[in-house]
Amino acid sequence: MSLAEQIESLNQIIQRVEQGQYNDRFAGFFSARQLIIEGMSTKDDFVRKELLVSAIKTNNETIGKLMFSIHSDSAVLLDVNTAPKDATRINNFLQTSIGYLNSSVQLNLIAYTALGEQDALYSALTNYQSFIEQKLLSSNNSEKTVAWLLDNGSKGNQGKIAELAQNVSDRIATLTNEYHQERIEVLTYEHKEDE
């Protein structure tokens with residue numbers, strides 16, 4: 001086997017290991033989804049709560065891994081020294097990770113809603129909004145956001161990260177503001193009742 005063939009073989013092994021690592025992250029979504037389906041289907045309140053809490057724990061681990069991957073992959077994609085072949089592969093992982101992250105956050109919202117945990121639901125939303133703003137909507141030295149730079153590094157019209165990130169962040173901000181306003185109104189009402 002020639003040196004070139006050995007290098008190519010090594011590259012394929014590295015790519016399979018890398019794909020396996022991403023598959024582990026993505027599998028957390030499917031595990032959490034299955035737990036939520038089972039939790040919502042059971043009639044026993046205790047079992048239902050245990051399954052939903054387990055789904056949230058599994059999902060939180062997945063969310064953390066996905067957020068870290070998105071952060072790391074973004075940095076690699078924005079590095080001018082990244083080879084085009086590597087950039088294409090990493091961009092595919094990044095796009096897939098963002099999709100799974102959105103879906104994982106949605107699963108947690110479903111679980112918190114089913115548990116009646118409104119405060120935890122809004123905490124999950126706020127955490128997600130913070131990630132979007134700190135990692136995707138933050139500006140670099142040229143005053144362009146990371147999301148904008150990622151979009152403009154994509155081929156064709158695939159680049160919609162900036163638009164989607166801004167829309168999600170804005171919607172979460174609206175929901176959070178409404179939630180805080182409702183809490184203030186309830187607290188004000190309770191205070192008047194106590195007088």
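**Exercise 1. Find the residues that Leu101 touches, then place Leu101 in the fold.**

Step 1. Leaving out residues up to four places away in sequence, Leu101 touches Ile63, Leu66, Met67, Ile70, Tyr128 and Phe131. Contact here means heavy atoms within 4.5 Å.

Before going on, a word on what you're looking at. This is a predicted model, where local features need pLDDT of at least 70 and side-chain atom pairs count only at pLDDT 80 or more, while totals for chains, interfaces and linings use all residues. Residues are numbered from 1 along each chain as its sequence is written, and side-chain values use heavy atoms, with hydrogens and water left out.

Step 2. Look up the element: Leu101 sits in helix H3. Helices are DSSP runs (H or I, at least four residues), as are strands (E, at least two), and they're numbered from the N terminus.

Step 3. Buried or exposed? Leu101 counts as buried because its relative accessibility is 2%. The cut-offs are under 20% relative accessible area for buried, over 50% for exposed, and partly exposed in between (1.4 Å probe, protein chains only).

Step 4. Thr62 is 39 residues from Leu101 in sequence, yet their C-alpha atoms are 8.0 Å apart. Thr62 belongs to helix H2 and, at 4% relative accessibility, is buried too. Setting aside neighbours within four places in sequence, Thr62 contacts Arg25, Gly28, Phe29 and Ser104.

**Exercise 2. Work out how H2 and H3 are arranged.**

Step 1. Take the axes, which are lines fitted to C-alpha atoms (for helices, over the stretch in contact), with angles running from 0 to 180 degrees between N-to-C directions. For H2 and H3, the axes come within 8 Å and cross at roughly 155°.

Step 2. H2 is therefore roughly antiparallel to H3. For the naming, angles under 35 degrees are roughly parallel, over 145 roughly antiparallel, 65 to 115 roughly perpendicular, and the rest oblique.

Step 3. Check the hand: the H2 and H3 crossing is left-handed. That term applies if the near helix is turned anticlockwise from the far one by less than a right angle, with right-handed for clockwise.

Step 4. Sort the contact by class, and you get 23 nonpolar, 9 polar and 3 charged residues. Ala, Val, Leu, Ile, Met, Phe, Trp, Tyr, Cys and Pro count as nonpolar, Asp, Glu, Lys and Arg as charged, and the others, Gly among them, as polar.

**Exercise 3. Describe the nonpolar core and the whole chain.**

Step 1. Which residues touch the most other members of the largest nonpolar core? In this core of 44 residues, they are Ile70, Leu94, Leu101, Tyr128, Leu136, Leu150 and Ile161. A nonpolar core is a set of buried Ala, Val, Leu, Ile, Met, Phe, Trp, Tyr and Cys residues joined through side-chain atoms within 4.5 Å.

Step 2. Ask who contributes. H1 (3-41), H2, H3, H4, H5 (146-153) and H6 (161-194) each supply at least two residues, and H3 gives the most, with 12.

Step 3. Zoom out. The chain has 6 helices and 0 strands, and 32% of its 195 residues are buried. Of the contacts between residues at least 6 apart in sequence, 68% join residues at least 24 apart.
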